[in-house]
Every structure is written in structure tokens, then in C-alpha cells.
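Keep the sequence and the model in view.

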Amino acid sequence: MNQLEEVAQLKATIAKYEEIINETSVPIITSIVENTILLPVVGYTDKERMERIRAKILEYAGEHRNTEAAVFDFSSIRLSDEEGLEMLTLELQLMRSELQLMGIRPIMVGFTPPFVRQMVSAGVASEVESYANFKAALQVLMDEKGLSFSKV
């Protein structure tokens with residue numbers, strides 16, 4: 001194998017892994033609460049990834065028109081710097097607006113103190129429905145639907 005073929009093969013391998021990463025970086029999990037999806041946002045997050053998340057959620061919403069609520073968990077998110085907080089604030093505003101136009105209730109959980117401060121200073125905190133964690137958000141949704149957990 002010559003050097004050009006080797007480089008081409010490596011580029012193809014990289015492209016394949018980038019596609020896998022893009023697919024797995026936005027997991028959409030169906031919830032125990034009917035018509036609700038869970039979206040854990042884990043690890044390093046930048047503008048490109050948030051745009052991918054928004055695009056995938058809208059695509060999912062278009063294909064699953066019965067989706068009523070989307071619960072996003074940001075408890076394990078990592079941002080590069082202060083600008084990352086500003087970017088995430090803007091991206092969440094866009095995501096919230098897009099989902100609401102699709103008839104989906106966006107719910108956010110797991111915010112960190114620095115992000116909470118950024119959201120408050122940007123004046124968007126009052127527009128966001130948020131809870132401490134997935135369990136709290138799901139409990140509210142279950143209560144609204146008259147559902148409950150039961151121990152066997």
C-alpha cells in the first residue's frame with residue numbers, strides 16, 4: 001500500500017468514526033412517562049454539538065408527532081470557558097423556542113451554579129422550566145398525568 005492509499009484509508013476511517021460519534025453524541029431515550037423523551041447531554045459541549053442536538057431533536061419530533069415533552073439533563077456537561085456559558089444560554093433559548101413551536105414541552109434538569117448565574121444574568125431563567133434532576137422532572141410529569149410508581 002502506498003502512502004496516498006494509506007492516507008485515503010485513514011481519512012475514511014476517521015470519517016466513519018466521526019459519523020459514529022455524531023450519532024451517539026445525541027442519545028434520545030424514550031421515557032417511562034408516555035410521549036416523553038429523555039436527552040442526557042454529557043461531556044464536552046460546543047456550539048456545533050448543540051446545533052447537532054437541536055437538529056436531531058427537531059428531526060425526531062417531526063417523525064414522532066406524539067412527543068409531548070423533552071427532558072434535557074445537563075448535570076454532566078463540560079464547557080470550555082465563560083463564552084461556552086453564553087453560547088449554551090443562546091442555544092437553549094433557540095432549542096426551547098423550536099420545541100415549543102413543534103408543540104413539545106422542553107424541560108431542563110441538572111444545571112450547574114455557573115450556568116444558573118449565566119441564565120439569570122441573561123434574563124432567560126424565568127422562561128425555562130427546570131428541575132434538579134430527571135427523577136424530579138419525571139415525577140412532575142407523572143403527577144400531571146395521574147401516574148405513580150408502585151413497589152411490588
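Helices and strands are DSSP runs, numbered from the N terminus. The model is predicted.

Q: Where is the place of Glu68?
A: Helix H2 covers 47-63 and strand E3 covers 69-78. Glu68 belongs to the loop between helix H2 and strand E3.

Q: Is Glu68 buried, partly exposed or exposed?
A: Buried means under 20% relative accessible area, and exposed means over 50%. Glu68 has 40% relative accessibility, so Glu68 counts as partly exposed.

Q: Is Thr36 buried or exposed?
A: Thr36 sits in strand E2, residues 36-44. Its contacts beyond four places in sequence include Val71 and Leu138. The relative accessibility of Thr36 is 4%, so Thr36 counts as buried.

Q: How many aromatic pairs does a search of the whole structure find?
A: Rings pair if their centres lie within 6.5 Å. By that search, the number of aromatic pairs is two.

Q: Are the rings of Phe72 and Phe74 stacked or edge-to-face?
A: Planes under 30 degrees apart count as stacked, over 60 as edge-to-face. The ring centres of Phe72 and Phe74 are 6.3 Å apart. Their planes are at 15°, so the pair is stacked.

Q: How many residues apart are Phe74 and Phe111?
A: The rings of Phe74 and Phe111 are stacked, with centres 5.7 Å apart and planes at 20°. Phe74 is in strand E3, and Phe111 is in the loop between strand E4 and helix H4. This pair links distant parts of the chain, 37 residues apart.

Q: Which residues form one aromatic cluster?
A: Phe72 and Phe74 are both buried. The cluster consists of Phe72, Phe74 and Phe111.

Key:
Residues numbered from 1 in each chain as written. Predicted model: local features only at pLDDT ≥ 70, side-chain atom pairs only at ≥ 80, totals over all residues. Heavy atoms only, no water. Helix = DSSP H or I, 4+ residues; strand = E, 2+ residues; numbered from the N terminus. Buried < 20%, exposed > 50% of the residue type's maximum accessible area, 1.4 Å probe, protein only. Contact = heavy atoms within 4.5 Å. Phe/Tyr/Trp six-rings, centres within 6.5 Å; stacked < 30°, edge-to-face > 60°.
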